[in-house]
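Trainee: I would like to learn how to read a protein model. Could you take me through one, feature by feature?

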Amino acid sequence: PPPFVTAQSWIIADGKNGKLIFGRGETEKREIASLTKIMTAYTALQLTKKFELNSGQTIVTISENAPFVEGTSALLEEGDQLTLKDLMHGMMLPSGNDAALSIAEFFGGLIKNSLFPKMVSEDSEEEEDKQISPVKLFVKEMNSIAVQLGLKDTYFANPHGLINPFSKSTASDIARLSCVAMKNTCLLYTSDAADDTPY
């Protein structure tokens, strides 16, 4: 028999294939809060491979915006310099919204530079910077991956999961995402406080 669960939407799935075992309201769209960070981490790892980065050596400088994100925090301060690997831990272990935003800013910047090489004209570059947000580019990548994974009822509006009326998913989609994410050895290590494995 299924377990007694008070949540309005829940699911128990086979971790190997994502197949439904028990559930209730598993296809209802709801806000998913910090579960968003599963996709943020997965997207960051995919981009780490794409840009051929070493997360233990790549340094990220914290922006002036990240420390002021509301909610749970990794206690980052402007100007802090962390390896990408440490920043991932700061997002996944204390559920740091500041770390999530920093990751989005960093990778969004790489995406932006790859799509729009810097112009010779300073005026053109300044105008370009005003129009294109690195964070939005990163979130766009999150949603692109969601489509690739078949998450039909999922849309991400930000990288940390703070309340946004457009940011929705279902228990079923999150189970599917988690199943894929947990097959990624790097993400498993990132979720382990005792991790000392390079990736």
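Trainee: How far apart are the axes of α1 and α6, and at what angle do they pack?

Mentor: In general, a pair of packed helices is described by the angle between their axes and the distance between the axes. Here the axes of α1 and helix α6 (residues 171-182) are 10 Å apart, and the packing angle is about 40°. Axes are lines fitted to C-alpha atoms, for helices over the stretch in contact, and angles run from 0 to 180 degrees between N-to-C directions. The crossing of α1 past α6 is left-handed, meaning that the near helix is turned anticlockwise from the far one by less than a right angle (clockwise would be right-handed).

Trainee: Which residues make that contact?

Mentor: Contact means heavy atoms within 4.5 Å. From α1 come Ile-38, Met-39 and Tyr-42, and from α6 come Leu-177, Ser-178, Val-180 and Ala-181. Sorted by type, the residues of this contact are six nonpolar, one polar and no charged. For this sorting, Ala, Val, Leu, Ile, Met, Phe, Trp, Tyr, Cys and Pro count as nonpolar, Asp, Glu, Lys and Arg as charged, and the others, Gly among them, as polar.

Trainee: What kind of model is this, and how are residues numbered?

Mentor: It is a predicted model: local features need pLDDT of at least 70, side-chain atom pairs count only at pLDDT 80 or more, and totals for chains, interfaces and linings use all residues. Residues are numbered from 1 along each chain as its sequence is written, and side-chain values use heavy atoms, with hydrogens and water left out.

Trainee: How many helices and strands are there?

Mentor: Helices (H or I, at least four residues) and strands (E, at least two) are DSSP runs, numbered from the N terminus. The protein has seven helices and four strands, in the order β-β-α-β-β-α-α-α-α-α-α from the N terminus on.

Trainee: How do I check the span of a helix?

Mentor: The expected span is 1.5 Å times one less than the number of residues. Helix α3 (residues 97-115) has 19 residues, so it should span 27 Å, and its end C-alpha atoms are 26 Å apart, which agrees. For α6, with twelve residues, the first and last C-alpha are 16 Å apart, close to the 16 Å expected.

Trainee: Is Thr-43 buried or exposed?

Mentor: Buried means under 20% relative accessible area, exposed over 50%, and partly exposed in between (1.4 Å probe, protein chains only). Thr-43, in helix α1, has a relative accessible area of 0%, so it is buried. Leaving aside neighbours within four places in sequence, Thr-43 touches Phe-138, Glu-141, Met-142 and Ile-145. Elsewhere, 14 of the 19 residues of α3 are buried, and the buried residues of α6 include Ala-171, Asp-173 and Ile-174. Over the whole protein of 199 residues, buried ones make up 41%.

Trainee: Where does Lys-136 sit?

Mentor: Lys-136 belongs to helix α5 (residues 134-148). Its relative accessibility is 62%, so it counts as exposed. Lys-136 is 21 residues from Ala-157 in sequence, yet their C-alpha atoms are 8.4 Å apart in space.

Trainee: What is the phi of Ala-33 and of Glu-52?

Mentor: Ala-33 has a phi near 50°, a positive value in a residue other than glycine. Ala-33 sits in the loop between β2 (20-24) and α1 (36-50) and is partly exposed, at 44% relative accessible area. Glu-52 also has a positive phi, near 55°. Glu-52 lies in the loop between α1 and β3 (59-61), and with a relative accessible area of 74% it is exposed.
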